[in-house]
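Hi,

Here is the structure I promised to pass on. Have a look at it first, and then read on for what turned up.

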Amino acid sequence: MNNTWPFETFIEDIQNEGCALLDIMKYNNSPYSTYNFLSLNGKTRVIILADDEITTTTIQEYLNQLELNDLIDRKYHE
Amino acid sequence: MSKSQEITIDISPQGINYTYQIRCKQEPNGWLSCYIPGYNLFYSAKSENEVSVKGDAVTALFFKYWVEKEGYRAFLDEMRRLGFVAWSSQSHFSSNSEYSKMYKGRKQHGILKATTERINVPHSFINSSQMNRQTVVSI
């Protein structure tokens with residue numbers, strides 16, 4: 001299994017799975033921003049910190065929150 | 001074994017003064033996977049310095065999102081869902097009436113608290129290292 005995965009690919013994947021992107025928020029003058037998603041069941045807001053790459057552990061936790069638990073087996077394991 | 005810690009959010013017209021804890025798990029390639037109990041936030045970092053800088057940014061954006069985008073009532077709903085209780089600054093105990101006052105807007109300030117020992121830590125972070133932070137965000 002890889003340790004990190006491209007962030008943009010992850011964002012595209014969860015949108016393709018049906019999770020709605022609510023907005024992108026930037027924090028003042030810092031380089032950091034968040035992508036705010038609605039989970040698949042529409043009940044939970046999931047705040048994802050933007051980055052070039054993210055670890056598989058972080059992806060797993062985001063997918064748990066997004067109700068996309070099986071996606072890590074389909075896309076992020078080798 | 002991790003030590004239990006109180007997470008405090010002090011809301012006032014000047015902003016939100018809050019504490020949080022970061023749990024970190026080192027990955028085989030040296031990266032760090034991070035978890036913020038109570039707020040239920042996750043992110044990745046390349047170094048220990050990046051852990052705290054990103055922690056401050058993602059928690060500040062958490063408050064900005066809920067208060068500015070979703071609104072104050074939705075923010076309080078989310079904090080209740082996450083397990084925070086409302087505390088009286090005068091009597092120093094929690095009660096349902098404190099949340100009621102905050103919902104009705106009779107209070108321009110309020111204190112919310114959660115305890116890390118009551119939070120179910122994700123399996124990946126059970127044996128992780130931890131650091132404590134305190135910061136302020138203007139809303």
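Starting from the N terminus, the elements of chain B come in the order β-β-β-β-α-α-β-α-β-β. That amounts to three helices and seven strands, where helices (H or I, at least four residues) and strands (E, at least two) are DSSP runs, numbered from the N terminus.

Some housekeeping before the details. This is a predicted model, so local features need pLDDT of at least 70 and side-chain atom pairs count only at pLDDT 80 or more, while totals for chains, interfaces and linings use all residues. Residues are numbered from 1 along each chain as its sequence is written, and chains are lettered from A and ligands numbered from 1 in the order in which they are written.

Back to chain B. Of its 139 residues, 33% are buried; a residue is buried if 20 or more other C-beta atoms lie within 10 Å of its own, exposed if 12 or fewer, and partly exposed in between, with C-beta atoms placed from the backbone. Among contacts in chain B with a separation of 6 or more, 58% link residues 24 or more positions apart. Two residues are in contact if their C-beta atoms, placed from the backbone, lie within 7 Å.

The helix to look at in chain B is H1(B), residues 48-70. It has 23 residues and spans 32 Å from its first C-alpha to its last, close to the 33 Å expected at 1.5 Å a residue (the expected span is 1.5 Å times one less than the number of residues). The buried residues of H1(B) include Ala57(B), Val58(B), Leu61(B), Phe62(B), Tyr65(B) and Trp66(B). After H1(B) comes Gly71(B), with a positive phi near 105°.

What does H1(B) meet in H2(B)? Trp66(B), Val67(B) and Glu70(B) of H1(B) touch Tyr72(B), Ala74(B), Phe75(B) and Glu78(B) of H2(B). By type, the residues of this contact are five nonpolar, no polar and two charged. Here Ala, Val, Leu, Ile, Met, Phe, Trp, Tyr, Cys and Pro count as nonpolar, Asp, Glu, Lys and Arg as charged, and the others, Gly among them, as polar. The axes of H1(B) and H2(B), residues 72-81, come within 6 Å and cross at roughly 140°, which makes H1(B) oblique to H2(B). For the axes, lines are fitted to C-alpha atoms, for helices over the stretch in contact, and angles run from 0 to 180 degrees between N-to-C directions. Angles under 35 degrees count as roughly parallel, over 145 as roughly antiparallel, 65 to 115 as roughly perpendicular and the rest as oblique.

H2 of chain B also holds Asp77(B). Asp77(B) is partly exposed, with 15 other C-beta atoms within 10 Å. Its C-alpha atom is 9.2 Å from that of Tyr103(B), 26 residues away along the chain.

Now for chain A. It has three helices and five strands, and along the sequence they follow the pattern β-α-β-β-β-β-α-α. The radius of gyration of chain A is 12 Å, close to the 12 Å that the globule rule gives for 78 residues, so chain A is as compact as a globular protein of that length. That radius is taken over C-alpha atoms, and the globule rule is 2.2 Å times the number of residues to the power 0.38. Buried residues account for 31% of the 78 residues in chain A.

Where do the two chains touch? The contact takes 22 residues from chain B and 19 residues from chain A. On the chain B side, strand S3 (32-36), strand S4 (41-45) and H1(B) each supply at least two residues. H1(B) gives the most, with nine residues. The chain B side divides into 13 nonpolar, four polar and five charged residues.

Most residues other than glycine have a negative phi. Asn40(B), though not a glycine, has a positive phi of about 60°; Asn40(B) sits in the loop between S3 and S4 of chain B and is partly exposed, with 19 other C-beta atoms within 10 Å. Glu67(A) is another non-glycine residue with a positive phi, near 65°. Glu67(A) lies in the loop between helix H2 (56-66) and helix H3 (71-75) of chain A, and with 18 C-beta neighbours inside 10 Å it counts as partly exposed.

Cheers
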